[in-house]
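Me: Could you walk me through how to read a few features of a protein model? I would like the general idea, then the case at hand.

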Amino acid sequence: MTATAGTAAPAFAARSGGSRQLAGTGTLLRFALRRDRVLIPVWVAVNALMVLSMPGTIKGLYGTAAERADLMRQMETNASLRALVGPVFDDGLGALTAWRVGLYAGALAAVMSLLIVVRHTRDEEESGRQEVVASGMVGRRAALTAALLAASVANAVLALLIAVGLAGQGAAGALALGLGVAGVGMLFATMAAIVAQLTESARLARGLTAAVLGGAFVLRAAGDSATDGGSSVFTWVSPLGWLENLRAFADERWWVLLLIAGATVAQGFVAYALAGRRDLGMSFLPTRPGPADGRLRTAGALTWRLQRGSVLGWSVGFFLAGVVYGGMTEGAADLVGDNEQAREIIERMGGQAGLTDAFVSAMIGMLGLIAALYVVASVLRLGGEETSGRAEPVLAGAVGRLRWAAGHLVIAFGGAALIMLLAGLGFAAGYGQDVGAIMGACLVQLPAVWVIGGAAVLLHGLLPRAAVAGWAVAGAVLLLGWVGPALDVPQTVLDVSPYGHLPKLPGGEMSWSPVVVLVLIAAALVGAGLAGLRRRDLTT
């Protein structure tokens with residue numbers, strides 16, 4: 001009896017200790033879902049709508065089996081397009097949907113997941129809120145568990161919407177695609193959980209995890225450009241390559257899901273092990289000391305130091321994207337061929353002045369849409385500086401609020417101009433023609449990008465707690481520009497987006513009136529936001 005009791009006591013203690021580690025998880029999960037009641041639904045809805053709208057679009061573009069078979073043959077010989085969207089494994093509508101948007105759906109799920117996890121782990125520690133929460137009856141691993149569960153809820157809803165929405169194309173393929181997209185999301189959620197404990201900065205945690213995602217896309221692109229069956233070693237090294245090789249709607253490889261799940265579980269174990277060995281607010285990687293005295297003389301110099309990594313990453317990404325899109329231009333006419341529906345969509349996106357010019361305009365327009373994500377992220381750094389308490393000591397000196405904010409806005413709006421210029425240089429390098437026209441087409445995107453940035457400034461200045469809605473604005477504009485032309489959305493709806501008023505360059509006629517109006521609107525939004533920032537209390 002004594003031996004039995006002695007054996008049971010440590011086991012009970014271990015179980016009770018484990019339960020204490022997770023104490024308060026349910027409450028923190030409900031709080032996390034409440035805080036993200038806008039962020040999660042917007043990300044899930046945009047991603048699901050992008051996927052579910054694609055079968056109808058593809059049916060309109062390639063309505064016959066012969067047209068779809070011809071598309072497969074063209075993809076086998078076009079390495080640039082394979083690098084962009086991957087190889088085609090079957091000519092059914094479901095398989096073409098997985099080919100066209102599967103990789104991007106997985107990437108969006110990954111971004112959503114890493115934002116959720118970092119927001120509810122390292123962000124909370126950096127702001128000091130987690131210390132207050134931990135002073136109550138909350139376990140050491142409760143915050144991490146709640147963050148991962150919140151990401152799981154978002155990805156589960158996304159998987160369900162995809163599986164149900166595409167079931168008409170084949171239940172097995174729909175389930176495989178839904179689980180694959182959600183699996184990639186959770187893979188990067190657990191990766192973010194590890195990275196968030198390696199560094200003391202939430203900004204750096206997001207940046208490093210996003211850099212891994214970008215590296216995964218580059219590896220997958222390099223592999224797919226080399227082979228037409230997804231069999232390259234580079235493709236298999238990338239988690240996005242795993243999603244591609246799941247082959248939804250094309251004789252599914254279910255065992256690939258085990259690969260994704262195994263990597264996710266392994267990363268989860270590492271994250272939990274780190275959480276048990278780390279003091280609250282600390283990190284495993286040492287923080288670099290600040291610069292020597294005198295190197296940061298102005299608020300603008302401090303802002304540049306804080307955001308230079310982000311600017312560099314976006315600059316490299318846009319230049320490489322420009323090179324890839326430029327390399328695709330020569331084969332655009334061959335890919336479209338005699339398909340009038342595809343030609344109409346490209347012309348709706350890029351204008352009527354010749355297929356090649358329309359294709360160039362459409363691709364540059366897509367880069368302009370993505371640039372809106374950069375400017376929103378950069379503007380919202382103002383909120384991060386406020387809530388973390390770093391803005392208060394800066395403003396306690398001889399630095400006014402407008403001067404402090406101006407440093408961030410110069411990086412945001414000037415950085416948008418820089419990345420679009422680099423995209424133009426990359427496009428010109430890949431295409432090799434009409435350098436001046438391409439640079440002009442890239443720069444004409446800036447007024448619309450600045451309007452989205454101005455909306456983010458307005459939200460931060462007047463409604464700082466709702467500033468995260470800036471992502472919703474950017475997401476809605478991205479959805480209109482990406483899916484709207486393919487769905488033949490009325491022009492009046494497309495004109496809700498500032499991008500709908502831009503001249504279609506190159507090839508189209510330059511009109512200065514909408515450009516000037518958009519610049520004035522952006523300036524008015526920024527002015528109103530700064531006026532609100534000057535009058536309100538700092539967010540803490």
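**Reading the surface, the helices and the charge pairs**

Reply: Gladly! Keep in mind that this is a predicted model. Let's begin with the nonpolar patch, to which helix α16 (residues 299–329) gives the most, with five residues. The patch is formed on the surface by Val218, Leu312, Val316, Phe319, Leu320, Val323 and Leu425, with about 570 Å² of accessible area together.

Me: Is valine 316 buried, partly exposed or exposed?

Reply: Valine 316, which lies in helix α16, has 43% relative accessibility and therefore counts as partly exposed.

Me: How do α2 and α10 cross?

Reply: The axes of helix α2 (residues 25–35) and helix α10 (residues 142–165) come within 8 Å, crossing at roughly 50 degrees. That angle makes α2 oblique to α10. The crossing is right-handed.

Me: What about salt bridges: how many are there?

Reply: Side chains of opposite charge can pair when their charged atoms come close. With a cut-off of 4 Å between nitrogen and carboxyl oxygen, the count comes to seven salt bridges. One of them joins arginine 381 and glutamate 385, with the closest N and O atoms 3.2 Å apart. Because these two are four residues apart in helix α20 (residues 381–387), about one helical turn separates them. Arginine 381 and glutamate 385 are buried.

Me: Which pair links helix α12 with helix α8?

Reply: Arginine 206 and aspartate 123 meet in a salt bridge (2.8 Å, N to O). This pair links distant parts of the chain, with arginine 206 in helix α12 (residues 202–226) and aspartate 123 in helix α8 (residues 122–127), 83 residues apart. Arginine 206 is partly exposed at 24% relative accessible area, and aspartate 123 counts as partly exposed at 21%.

Key
Residues are numbered from 1 along each chain as its sequence is written. This is a predicted model: local features need pLDDT of at least 70, side-chain atom pairs count only at pLDDT 80 or more; totals for chains, interfaces and linings use all residues. Side-chain values use heavy atoms; hydrogens and water are left out. Patches are made of residues with over 30% relative accessible area and no salt bridge: like charges are joined within 9 Å, nonpolar side chains (Val, Leu, Ile, Met, Phe, Trp, Tyr) within 5 Å. Accessible areas come from the Shrake-Rupley method with a 1.4 Å probe; for residues, only the protein chains shown count as cover. A salt bridge is a side-chain nitrogen of Lys or Arg within 4 Å of a carboxyl oxygen of Asp or Glu. Buried means under 20% relative accessible area, exposed over 50%, partly exposed in between (1.4 Å probe, protein chains only). Axes are lines fitted to C-alpha atoms, for helices over the stretch in contact, and angles run from 0 to 180 degrees between N-to-C directions. Angles under 35 degrees count as roughly parallel, over 145 as roughly antiparallel, 65 to 115 as roughly perpendicular and the rest as oblique. A crossing is left-handed if the near helix is turned anticlockwise from the far one by less than a right angle, and right-handed if clockwise.
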